[in-house]
Amino acid sequence: MTERTVTGPSPRVTPIDDFLAHVLAGNTTEVEEAVRKAAAVEIMPRFRQLDADQIVEKNGPHDLVTVADRAAEAHLTASLTALLPGSVVVGEEAVHADPAVYEALRGDAPVWIVDPVDGTRQFVRGEAGFCTLVALALRGEILASWTYAPVLDQFAVAVRGHGATLNGAPIRSGAPAPGATLEVATSHPDYTTPDQKRALLGLRTEGVAPRPCGSAGLEYLAIARGELDAVAFSWEYAWDHAAGLLLVAEAGGADVTVDGEPFRITGGNALPFTAARDAATAARVRTLLAG
């Protein structure tokens with residue numbers, strides 16, 4: 001009798017599967033072009049051209065939104081979901097309008113995490129230190145990220161398992177020199193609770209030089225390039241951190257929350273948390289934060 005192997009139907013490959021496989025193979029040009037176009041069309045024409053009525057305070061003088069933020073997020077929402085039908089967007093401005101949008105990070109659809117202008121205060125002041133942040137995540141895992149600083153002409157890309165690049169060249173975070181003073185960028189006091197303030201005070205010690213952070217995305221890029229040793233942040237909005245955390249990880253760095261767990265983009269983290277050039281530096285900063 002001839003034996004016959006019976007198999008079930010092959011798993012159905014969907015357009016989402018195809019796109020994710022495409023990106024995870026390191027093919028990110030389409031997304032890069034979408035990010036560049038949004039900046040060229042919606043952000044740069046308004047750089048140093050804003051009228052007072054185009055700038056709005058959301059939750060205080062350090063939390064601003066401009067017409068450029070809103071227009072760029074709308075542009076990216078349309079272009080990114082067109083690239084990946086079935087995907088959703090969690091953007092800073094959309095969540096501000098409807099906090100329930102954030103729940104998409106816990107769903108099964110691929111999520112584009114967007115901060116259209118990271119460093120809005122710098123943008124409003126006409127300074128170069130702002131960027132656009134985009135990350136692609138699935139079920140809480142960051143798969144790829146794009147960090148674009150148009151005035152600085154810097155475009156960093158990270159793909160899980162494929163490393164990190166800046167303007168097409170690989171970057172590595174390295175490790176601080178033995179005995180060197182650690183430079184650590186920290187949260188602005190306005191964004192910290194009393195307990196978090198006390199935790200951040202642990203960085204005011206010999207061998208550590210804390211300073212206020214600028215654009216979170218550019219601080220993460222500085223870590224990935226080995227120009228900054230660590231950050232210590234007390235807020236967890238995914239649009240500020242997702243792109244940079246993958247960039248740092250793929251450059252050889254590490255992150256950890258104050259309770260010793262990896263940072264979760266879905267939320268519920270013990271804060272503050274740190275990302276650093278290497279695991280040893282992350283552990284040292286975490287110990288100082290934990291007191």
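Two strands count as paired if DSSP finds at least two bridges between them, and the legends below apply this criterion to a predicted model.

**View 1. Strand β4 and its two bridged neighbours.** Strand β4, residues 111-118, is mostly covered, with eight of its eight residues buried. Strand β3 (residues 88-91) runs parallel to β4 and is joined to it by four bridges, and within this pairing Val111 of β4 is the bridge partner of Val88. Strand β5 (residues 131-138) runs antiparallel to β4, with six bridges between the two, and here Trp112 stands opposite Leu136 of β5.

**View 2. The ring pair of Trp112 and Trp146.** Twelve aromatic pairs are found when the whole structure is searched. In one of them, the ring centres of Trp112 and Trp146 are 6.0 Å apart and the planes lie at 45 degrees, so the pair is classed as tilted, given that stacked pairs have planes under 30 degrees apart and edge-to-face pairs over 60. Because Trp112 belongs to strand β4 and Trp146 to strand β6 (residues 141-149), the contact ties together parts that are 34 residues apart in sequence. Trp112 is buried, with a relative accessible area of 0%, and Trp146 likewise counts as buried at 0% relative accessibility.

View 3. Phe233 and Trp235 are both buried.

Notes:
Residues numbered from 1 in each chain as written. Predicted model: local features only at pLDDT ≥ 70, side-chain atom pairs only at ≥ 80, totals over all residues. Heavy atoms only, no water. Buried < 20%, exposed > 50% of the residue type's maximum accessible area, 1.4 Å probe, protein only. Phe/Tyr/Trp six-rings, centres within 6.5 Å; stacked < 30°, edge-to-face > 60°.
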